[in-house]
Amino acid sequence: MKKILFTIIMCMTLNFNANAMENLAPNSKSAILLETSTGKVLFENNSDEKLAPASMTKIMSMLLIMEKIDKEKISFEDDVKISQNAADMGGSQIFLEAGETYKVKDLLKGIAVASGNDAVVAMAEYTAGSVDEFVKMMNDKAKQLGLKNTVFKNPHGLDTEGHYSTARDMATIALELLKHERILEFTSIYEDYLKKNDGSSTWLVNTNKLVRFYDGVDGLKTGFTSTAKYCVTTTAKKKNMRLLSVVMGVDTSDLRSKDTTNMLNYGFNNYKIEMVMPKDKILGNVKVLKGKDNNVNLVLLKDSTILKKINEKEEDYTVKIKIKEVEAPVKKGQVVGKAEIVDKEGKIISEEDVTVTKDIKKADFFDYVKKNYKTITMGI
């Protein structure tokens, strides 16, 4: 059985470049493959080249929508009235008409499955008040994520001068979107129907054929314009490992799928995820200053995993927890320290956030009275 040692010290991801190898995406101008829990890059080729992202732009649009939903600023059940501006959008669409009303969940499905430009404009207007303001939010989020090679001019990805991104940046945005796991309920749909206001239905079929034809694929977004050519950001999960790939600038949709399949096969056939520690494993406890409770247990904010080659054996690790004083109020999920995962040679192989197992409120006057009473009683 694997041994794990713990050390608490009072007081993110590693970058990895694959060794030179065969080009797994020879038909793509730019490509990248990574494992999502560690962020480790398994393959890349021209991954920082600025290219038109076409409808992969909608990954950022969906991220902003999901953030609003998770923060309860909007709801899946909200009604959205379609503007003339949204209805007039060209390119791929789900044929919305001005004056119609749809639920947020229906429009999100139209974006994720059928790449509806009309649907994403409607959601941009609903989410931010205007398309211009939504685009500002997109670029603000790109800066927040540290993206230096991405500029958005619209929420849909139709060719516009100065609208560009890179395979690496698109992967970063996709990783952020995957934190909102419910998006996969939409991106994993291969075909469905949108019920129209007049009682008719519009057939929605996923533009990413790998959702149907590659085991484990459940997202995320394709793209095509005459400038961008064919591109796709794809994620797939097998067992406990999730991969994410991006290809850009491919001549045909078949070659787009071929390059993506090559990369996914390489990842799943050559790598595995080793669990170092699950997030519910108690690491120890720490004193809480000015809290209703004097102590609280510590856990990792997320599972600690390590990406390894298929034939590598499991190892023993030491977990060193570095934490400053914890002062109330403190909430479950709040980062209170770091955990260093150290191998048997003393090398730090990853660093994880540490949180507490429950909320601790700040002690009030009566709490201090109770604590002092107990201290006095125990001293008698």
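A residue is called buried here when its relative accessible area is under 20%, exposed when that area is over 50%, and partly exposed in between, using a 1.4 Å probe and protein chains only. Take Glu72: at 71% relative accessibility, Glu72 counts as exposed.

What you are looking at is a predicted model, in which local features need pLDDT of at least 70 and side-chain atom pairs count only at pLDDT 80 or more, while totals for chains, interfaces and linings use all residues. Residues are numbered from 1 along each chain as its sequence is written, and side-chain values use heavy atoms, with hydrogens and water left out.

**The big picture**

The protein holds ten helices and 18 strands. Both kinds of element are DSSP runs numbered from the N terminus: helices are H or I with at least four residues, strands are E with at least two. The C-alpha trace spans about 80 × 50 × 35 Å along its principal axes. Of the 380 residues in the protein, 48% are buried. The accessible surface comes to about 19,000 Å², with 49% of it belonging to carbon and sulfur atoms; such areas come from the Shrake-Rupley method with a 1.4 Å probe.

As for charge, there are 57 positive and 53 negative side chains, and the centres of the two sets lie 5 Å apart. Lys and Arg count as positive and Asp and Glu as negative, with His and the chain ends not counted. Each charge is placed at NZ of Lys, CZ of Arg, CG of Asp or CD of Glu.

**Strands side by side**

Let's turn to the strands, where two of them pair if DSSP finds at least two bridges between them. Five strands make an open, antiparallel sheet in the order S3-S2-S10-S9-S8. At its edges sit strand S3 (41–45) and strand S8 (217–225), each pairing on one side only. Neighbours in this sheet are turned by 5° against each other on average, direction ignored. That angle is taken between axes, which are lines fitted to C-alpha atoms (for helices over the stretch in contact), and angles run from 0 to 180 degrees between N-to-C directions.

| Strands | Sense | Bridges |
|---|---|---|
| S9 (residues 229–238) and S10 (residues 241–250) | antiparallel | eight bridges |
| S12 (residues 284–289) and S13 (residues 295–300) | antiparallel | four bridges |
| S12 and S16 | parallel | two bridges |

To find your way along these pairings, look for Thr234 opposite Ser245 in S10. Asn285 has Asn297 in S13 as its bridge partner, and Val288 stands opposite Val326 in S16. The hairpin of S12 and S13 has five residues between the strands, and there Lys290 takes a positive phi near 60°.

Asn46 is not a glycine, yet its phi is positive, at about 50°. Asn46 lies in the loop between S3 and H1 and is partly exposed, with a relative accessible area of 45%. Glu72, the exposed residue from the opening, is another non-glycine with a positive phi, near 60°, and its place is in the loop between H1 and S4.

There are cis peptide bonds to look at too. One joins Gly219 and Leu220, with omega about 10°, and Leu220 is found in strand S8. Another joins Ala328 and Pro329, with omega about 0°; Pro329 is found in the loop between strand S16 (326–327) and strand S17 (337–342).

**Inside the protein**

Helix H3 (residues 104–112) is largely enclosed by the rest of the structure, because seven of its nine residues are buried. Among them are Val104, Leu107, Leu108 and even Lys109.

Then there are the aromatic rings. Rings of Phe, Tyr and Trp (its six-membered ring) pair if their centres lie within 6.5 Å; planes under 30 degrees apart count as stacked, over 60 as edge-to-face and the rest as tilted. By this rule there are three aromatic pairs. Phe76 and Phe186 are stacked, 5.8 Å centre to centre with 25° between the planes. This pair links distant parts of the chain, 110 residues apart: Phe76 is in the loop between helix H1 (58–70) and strand S4 (79–81), and Phe186 is in helix H7 (residues 184–187). Phe76 counts as buried at 12% relative accessibility, and Phe186 counts as buried at 8%. Tyr266 and Tyr271 have ring centres 5.9 Å apart and planes at 70°, so their pair is edge-to-face. Both of these tyrosines are buried.
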